Structures are given as C-alpha cells and as structure tokens.
Amino acid sequence: CNVPSCRCFNATCVFWDFSQNGGKGNWSSKGCTTVDDGSGVINCSCTHLTTFAVLIDINARIFQTCSSKFTTKLSSIGVVLSIIGLVLTILTLCGFKKQRRKDVNKLHIQLCTA
C-alpha cells in the first residue's frame, strides 16, 4: 500500500490454544495485545509464554481503503492501453486493402467499431 502510515491489512496476535475445539485446538487472542508503532513492524505483547503467531486479514476493509487510489490508477492505465490497442487494430485492418477483402478481417473491423 503506497500510502504513508497506512496499513493495508488487519493484524492480530494469537496463540494456539489446545483447550479449544474439543482438544484439537484453535487460535486465540486471549491475553495477547497487538502493538503497531506505525513503522510496519507488528509486536505481540502477551501475558503468557506459548507458541505465538500474527494472523493477517488481507480482506479487511482497511485494504480496500488503502488500495483504492492504486486500483483507480491501474484501471485508468488499463483502459487507455486498451483504447490505444483498439485504435491501432482498426487502423491496421482498414489501412491495408488486401486485409479488408478477407471476410475474417471484415468481421474483426465490425467488432472493433462496435
């Protein structure tokens, strides 16, 4: 996310709690606090010692907010390149007399102008 001080994901500090899910275990955030100082480093502060992890939710609404400018620019560039390619295709197919006589190219010209 090329936006300063913008985190494009939701991070949560967790540990594997074997007492959950009928003894099979599951991630739990009990006793853990996620500390984000804004530098891009995620620190976990927990009240117990066990196996820890940071779960990243990249589908969080935060991501949509951060990436909207990038997505808009990328979409605009894609549209411009597509239009340029379409114009070049029409000019190429119409510019050569031999190409215009073929039925396949007549169909391509009609599709491009549609």
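The model is predicted, so local features need pLDDT of at least 70 and side-chain atom pairs count only at pLDDT 80 or more, while totals for chains, interfaces and linings use all residues. Residues are numbered from 1 along each chain as its sequence is written, and side-chain values use heavy atoms, with hydrogens and water left out.

So, the overview. We've got 3 helices and 5 strands in the protein chain; for these, helices are DSSP runs of H or I with at least four residues, strands are runs of E with at least two, and both are numbered from the N terminus. Reading from the N terminus, the order is β-β-β-β-β-α-α-α. The chain has 114 residues, and 14% of them count as buried. Buried here means under 20% relative accessible area, exposed is over 50%, and partly exposed is in between, with a 1.4 Å probe and protein chains only. The accessible surface comes to about 8,700 Å², and carbon and sulfur atoms hold 61% of that; that's Shrake-Rupley with a 1.4 Å probe. On contacts, meaning heavy atoms within 4.5 Å: among those with a separation of 6 or more, 40% join residues 24 or more positions apart.

Now the sheet. Which strands make it up, and in what order? It's an open sheet of 3 strands, ordered β2-β1-β5, with antiparallel pairing. Two strands pair if DSSP finds at least two bridges between them. In general, strands of a sheet pair through backbone hydrogen bonds, either parallel or antiparallel. The edges here are β2 and β5, which spans 52-57, and each of them pairs on one side only. Neighbouring strands are turned by 50° against each other on average, direction ignored; the axes are lines fitted to C-alpha atoms, for helices over the stretch in contact, and angles run from 0 to 180 degrees between N-to-C directions.

Let's go through the two pairings. β1 and β5 are joined over 6 bridges, antiparallel. Asn10 stands opposite Asp57 in β5, and Cys13 stands opposite Val54 in β5.

What does Trp16 form with Trp27? An edge-to-face aromatic pair, 5.0 Å centre to centre with 85° between the planes. For the cut-offs, rings of Phe, Tyr and Trp (its six-membered ring) pair if their centres lie within 6.5 Å; planes under 30 degrees apart are stacked, over 60 edge-to-face, and the rest tilted. Trp16 lies in β1 (residues 10-17) and Trp27 in β2 (residues 26-28), so this pair ties together parts 11 residues apart in sequence.

The structure holds 2 aromatic pairs. The other one is Trp16 with Phe18, edge-to-face again, at 6.5 Å centre to centre and 80° between the planes. Put together, Trp16, Phe18 and Trp27 form one aromatic cluster. Buried or exposed, then, for Phe18? Phe18 is exposed, at 58% relative accessibility. Trp16 is partly exposed at 26%, and so is Trp27 at 35%.

Last stop, helix α3, residues 103-113. Its buried residues are Asn105, Ile109 and Cys112. They cover an arc of only 65° around the axis, which puts them on the same side of α3; the arc uses directions from the helix axis to the C-beta atoms. The face turned away from that buried side carries exposed Asp103, Val104, Gln110 and Leu111.
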